[in-house]
Each structure stands twice: as C-alpha cells, then as structure tokens.
Amino acid sequence: MPPFSLSPLPACAGRGLRQLQTGQTAFPCCCSSGWTAEDGMEGTSSVLLLLLLLPLLGLTGRTAAQRCPQPCVCDNARRHVACRHQNLTKVPPAIPELTQQLDLQGNQLKAIPPAAFQDLPHLTHLDLRRCQVEQVAEGAFRGLGRLLVLNLAANRLRALPQEALAGLGALRRLELQGNRLEELRPGAFGALGALLSLNLAHNALVYLPPLAFQGLQRARGLRLEHNALSVLAPEALAGLPALRRLSLRHNELQALPGAALAPARGLARLELGHNPFTYAGEEDGLALPGLRELLLDHGALQALDARAFARCPRLHTLDLRGNQLAALPPLQGPGQLRRLRLRGNPLWCGCRARPLLEWLARARVRSDGACRGPRRLRGEALDALRPSDLRCPGDPAAAEEEAEERAEAGARAPAAPPGPAAAAEEDGAARPCPRACVCAAAARHSGCEARGLRALPRGFPADTELLDLRRNHFPAVPRAAFPGLGRLVSLHLQHCGVAALQPGALAGLDGLLYLYLSDNRLSGLAAGALDGAPRLAYLYLERNRLLQVPAAALRAPPRLCALHLQGNALARLAPGDLAGAPALRWLYLSGNRLAQVAPGALGPAPELETLHLDRNQLREVPTAALEGLPALRELQLSGNPLGALRDGAFRPVGESLQHLFLNSTGLEQVSPGAFSGLGPQLQSLHLQKNQLQALPALPSLSQLELVDLSGNPFRCDCQLLPLHRWLAGLNLRVGATCAAPPSARGQQVKAAAAVFEVCPGWATRKTKRMPGARRARGQR
C-alpha cells in the first residue's frame, strides 16, 4: 500500500483539518464547521475508522486507474475513451464497462471479429474510421443494443455479410463512405429499423439490387454519390418509405431512374448531378409527388422534354447548371416551380426561346442563365430579357441570326465548349478536341453524336471519362481506335452501323467499364475484340445480328458482370458459351429465337442473379440448365410458348428465387408440384394473361408480396376450391376472375364464396377459418 500523506484542504483552511491522500484517492473535508475539542470521542472514532479504511480505499483507487488501457485516454466523467492513431491491431481489453463513446480511429484493426464489443453494453458512439478494416464478421456488433452512431468510413470493406450489423436495433446513423464496397447484399441493413441516415458515398457500387435497403423503415437520408452506379433495379428503393433526401451525384446513370425512384414517393430533395444524362423526358417515369428540389447539374443534358417533370407537382427548385442545353421548352406540370438554375448552358436566345421567356414571366420563375448567342445578346442574363428582344422571322436581321445559329450548332467552339468551365487547361493552353465534337472540361465528357462522321475521330482530352459517338457511321472499329484514353469509363457507339470490332480495337482502355454497341450490324465478335479493356463490366450488344453468344470474345474481360444480348437472332444457348464470364450476374437474352438452353450452359456463371429469357421460343422451362445457380433471384420466362409446367420445374433455384415471371406463356396446365421447392423467399409471381382454367393452391409460398393471376379464364367449380381457400388467406390483390360457369362470370375467385359453398368440405373449412383469413376474404 502506498504511504498516505497529510496536505492542507483549502475548503477547510483555518480549521486544523488536513486532506488524506493515498495514491489516486483523496478524501476531502466533509464538515461544514470546524472540528473542535468539544466534539470529544465521536470525532476521534471517525478518524480511527477512516484510518482503518485507507488500505482498502488505496487498492480501489489503484484498480480504477488500471481500468484505462495503456494507449488510451479515458474521461470517466464524460464516459469517453479515445485510443486514436495507436497502431492497434485489435480492440484493447479492459475498457471501462460504462463507456458510452469509444474512438478507435486511425488504427490497424484489419478485421472486426464476432462480439468484439460485447463487454461494452452502454456504448452509444463507436468510431472506427481509417482502421484499415477489410472484414466485419457476422455478429461483430452484437451486444451494442444502445449504439446510436457507427462510423466505419475510410476503410477497405468490399462487402458486408448479411448479419454483420445484427444487434444494432437502436442505431441512428451509419457511416460507410470511402470504402471499396462493390455490392449490397439483400438483408445487409435488415436489422437497422431505427436508422435515420446511411452514407455509402465514395465506394465502388455499380448496381443496386431489388430491396437493397429493406428494413430501413425510418431512414430519411441516403448518400450514394461518387460510386459507379449505372443500373438501379426497379425495386432498389422499395424498403425506404420515409426517405426524404437522396444523393446519386457523380455516378454513371445514363437516364433518369424513374422506375427505381417510384417507391420513394416522399422524397423532397433528389441530387442527380454529374451523371451522363443526355436527355430527360416524360418516358423516364419520374413521378415524385413530394419532390421540392431536383439537382441535374453538370451532366450531359442536350435536350429536355416539356413534360419531363409533369408528375412532380410540388417541385420548387430545378438545377440544370453546367449542361449542354441550347434550348429549353416551357415546363408543364410543376406548378410550384419558383427557381430554375441554368448557368453554364450554351443557351441560344433566338426566336425559339420566346416561349421560354414568356413562361418564366407568366409562372414567376426566377432563372440565372445567360445567352451564348446570338452575338448581340451574348452574355445577357436570361431574366433581363423580354420576349420582344428576340428576333423572329419577319424581322430584318432574323435570317442573319438563324445562319449564325446553324453555324454555332455545327462547329466546335475551340476555347469555350458548352459547360460551366472554359475549355482551357489550368495553365491556359487550349484543350484538345476533334473538330465537330464537343469536349466538356468540367464533366470530362466528349461527344460527337449525330455529326455524320465516317471515321473515328482522335485527339480527345486524356482525362475524358465518357465518349459519346452515337449515330454516326463506322462500319469497322480498327485496332487501337481510341489512343490516349486510359481514363475512359463509358464508350457509346450505338446506331453507328458497326459490322466489325477488330481484335485490339479497345487497346489501352484500362479504365473502361461500360461499352455500348447496341443497334448495330454485328453478326459476331472476334476472339480478341474485347482485349485491352480488362475492367469491362457492362457490355451492351442488344439489337444486333448475332447468331450465337460471342464466347471467344467474352474470355478477355474477367470482371464482366452484365451482358445484354436482347433482340438478336440467338437460337441456342450451348455449353461453353459463358465459360469466359465467371463473374456474370445479369444476363439479358430477351427477344431472341432461343428454342433451347442446354444443360450446363449457365453453370459457368454461378453468381448469376438475373436471367431474362422472355420473348423466345422455349416450349418448356429449362430446368436442367438452372442447376448450379445458387444466387439466381429473378427469372423472366414471359412470352414463351410454354403451355404447361411440369413437377419440380424450378427446384434447382428454389432456395434463392425471389421473382418469377410466367405471364403470356400460353399456360393451360400447371402440375400440382410445379412450384415445389420454391419457398418463403419468393416475393412475386406473375401468371397473368395465360389460359389457366385451374391452378393448384400454393401454401408454401407464404411470403408473397405480389401475385398476378389476371387475364386467365378460371372455371370456378369445386376443383378450384383449394385455390379459393388459399387466395382468401392472402391479403393481396391477385386479379383472378371467374370466366365460367356463366353464373359466376366476372366474380373475383377469392371473393366468390357463394360459388364454393355447395362444394364438399366447405362447411368444415368455414368453421376452422382463421380470423385473419375472414378479414382478407373481402379483399380483391
């Protein structure tokens, strides 16, 4: 035991008292008045008792001091522990159990093992930034039921296991920005029912699968900027009913993702700037009734339809800065629009701009754009012009300005291409850009769309990330056709009459992720056609003349994850066709002539999640070909002449399949065991527009969220009683309608109780029916 000492206690100065100290423990004065001789033996007894307790108290003080780990700083009063930048490789032991905030940022943890913080049940804030974390084990945070904020930013995570975040039921904010996440697995956030804010910015996401955020019922903010997203599944945001703010800036979205955004009807602010859109129209399906702010700035917009935002009636602010808009129509629909930001667009203030000016004045919309031309109005603020300032046919100088406009549209502006930044390097030298093309410095996009070119132009800026060469005429793409473009991410060659992609054509395109060769004349791809693009992930070959899968060419890009072959002339999918695409996750074969998918043809792609075989000539479900696809979630077979489904048709993918499309397949018969093997994971079943008069009940499909049986001529007799009972227990609209007998025609199958009351067993079943089923019976 350390020796104790006597020292003066200021609070009791002049009263003859001393402060007793032992190690870390001090005993202050506890009397408000002096301790005098009149206190007698009572005071003496108190001192003796205090002296007897000193050894025990000294030990307690020493133990408390040891509760703070050696490399950490502990603030016990605030219950904060900081162990920052200490090169720790694991969570230090002996952290005080009552700690509420733990800061471990800047260490070298590498991995978070299961139950790593189970001894800290009071934690509310946990900071693991910049800890080089590569792996989070399932159950890593179990026991942290009070945690409110978890910061895992700036680590090296490539994936999150499904149970990695289990046990965080109270979490309000999750920071995952600055990692290397390439995919989001369904269910990864399912345990975070209280989460309000999720940050996934600055990762490597290229795709959002359906229900990626299922379970985030209270989330109001989602940040996905600075990823490589080009595809959002239609139900990607379906699990976010409370979402108010979404950022998708700095991605690779080629069009407004209206279908994916539709479930987020409460969105108030949507950020889509710095995406390579070239057009926005009503067909994009943007329908957000609560949207107030829409940011589409610094993209590649060249045209905007008047009704592009017609289904966003509360839109107040629209940001279109830094695009390539030369003209803009009066917008229809957003009646509450009050601010339109147009700065940095090459607006042409000719006669065609009169309707825009009239609308801006009539709707009282403030705008901040300026005229690019004609010369007499160059630099004039749009909101300072009156419609009468613009010359239209009939004015003496109108013809001259029309000629000037045509010249401006057909020529390249060498020093100042469209966009917010001048086309000059930082040192003032002019940026290279081929004649007849436009090179937008700020967006790093270069385009020569529909310029009548017959030879591939060269000399684009070295930092170009998107190159748009659509609607020209390039019958052959020669070897090394794109020199100096190692940073290119997205290459567009649609509608170019391409008949041949020569071996080595993509040489040097080390950063290429997206290659668009849709709507050309390709009948095949040579073995080395894709050499030189090792990171190629998305290949678009739809609506060409391919007779078979270009298997030899597909061996070059090892990371290919999406292959679009819709609308070709493929007759068979053979073994070996996909041997060079082991990372394939999305395969689109719609609208071909496929009569057979051979057993083993899909096996080389074990990670396949989406398979579209609709609108082909398949006469049966290719059950054998589905073997070896443990990750398949969506199967599209609609529009094939199937006629019947045999027992076990989908058994190979029964444990993974979530969405099954069998509509418009001419189905007349479904065997009782056709759907055997499919279980609770199936979420949607599409059987509409067939010839079904009967259908067995499907009680194993207990978690269905959508069943569509409309457009079938069901015969409502006693053979259909099991289906009626099953449907009556579903709280879903299914659309099944009786076509016969005549007395039942037009009635909903699930509600036609009077039809089935005469059937044997009806009375017994009625007495056993659950209350929930009775309530569902009346729903259609």
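Is Cys448 buried or exposed? Here are some notes on that residue and its surroundings, with a few other spots worth a look. Please keep in mind that this is a predicted model.

1. **Cys448 and its partner.** Cys448 has a relative accessibility of 0%, so this cysteine counts as buried. As for the chain around the bond, Cys437 sits in the loop between helix H4 (398-410) and strand S26 (438-440), while Cys448 sits in the loop between strand S27 (445-447) and strand S28 (466-468), so the pair ties together parts that are 11 residues apart in sequence.

2. **Cys72 and Cys83.** The sulfur atoms of this disulfide lie 2.0 Å apart. The torsion about the S-S bond of Cys72 and Cys83 is about 105 degrees, so this link is right-handed. It connects distant parts of the chain, 11 residues apart: Cys72 belongs to the loop between helix H1 (40-66) and strand S4 (73-75), and Cys83 to the loop between strand S5 (80-82) and strand S6 (101-103). Both Cys72 and Cys83 are buried.

3. **Cys68 and Cys74.** Here the sulfur atoms of the disulfide are 1.9 Å apart. The link of Cys68 and Cys74 is right-handed, with 90 degrees about the S-S bond. What about accessibility at the two ends? Cys68 has 23% relative accessibility and so counts as partly exposed. Cys74 has a relative accessible area of 22%, and is therefore partly exposed too. Buried would require a value under 20%.

4. **The disulfide count, and two further cysteines.** The model has 7 disulfides in total, among them the link of Cys68 and Cys74. If you are looking through the other cysteines, Cys131 is buried, at 0% relative accessibility. Cys496 is likewise buried, at 1% relative accessibility.

5. **A stacked phenylalanine pair.** How many aromatic pairs are there? The count comes to 7. One of them is the stacked pair of Phe117 and Phe141, with 6.0 Å from centre to centre and 5 degrees between the planes. This pair links distant parts of the chain, 24 residues apart: Phe117 is in the loop between strand S7 (111-112) and strand S8 (125-127), and Phe141 is in the loop between strand S9 (135-136) and strand S10 (149-151). Phe117 and Phe141 are both buried.

6. **Tyrosines on strands.** Next come Tyr516 and Tyr540, whose ring centres are 4.3 Å apart and whose planes meet at 15 degrees, so the pair is stacked. Tyr516 lies in strand S32 (residues 514-516) and Tyr540 in strand S33 (residues 538-540), so to speak a link between distant parts of the chain, 24 residues apart. Both of these tyrosines, Tyr516 and Tyr540, are buried. There is also a cluster to look at, in which ring pairs link Tyr207, Tyr514, Tyr538 and Trp586.

7. **Helix H5.** This helix (residues 721-728) is mostly covered, with 6 of its 8 residues buried. The buried residues in H5 are Leu721, Leu723, His724, Trp726, Leu727 and Ala728.

8. **A cis peptide bond.** Please check the link of Ala740 to Pro741, which is a cis peptide bond with omega about -5 degrees. Pro741 is in the loop between strand S46 (738-740) and helix H6 (753-756).

9. **Positive phi at Arg471.** Arg471 is not a glycine, yet its phi is positive, about 60 degrees. You will find Arg471 in the loop between S28 and strand S29 (476-477). With 47% relative accessibility, Arg471 counts as partly exposed.

10. **Positive phi at Lys689.** Which loop holds Lys689? Lys689 is in the loop between strand S43 (684-686) and strand S44 (706-708). Its phi is near 60 degrees, a positive value in a residue other than glycine. At 58% relative accessibility, Lys689 counts as exposed.

Methods. Residues are numbered from 1 along each chain as its sequence is written. This is a predicted model: local features need pLDDT of at least 70, side-chain atom pairs count only at pLDDT 80 or more; totals for chains, interfaces and linings use all residues. Side-chain values use heavy atoms; hydrogens and water are left out. A disulfide is a pair of cysteine sulfur atoms within 2.5 Å. Buried means under 20% relative accessible area, exposed over 50%, partly exposed in between (1.4 Å probe, protein chains only). Helices (H or I, at least four residues) and strands (E, at least two) are DSSP runs, numbered from the N terminus. Rings of Phe, Tyr and Trp (its six-membered ring) pair if their centres lie within 6.5 Å; planes under 30 degrees apart count as stacked, over 60 as edge-to-face and the rest as tilted.
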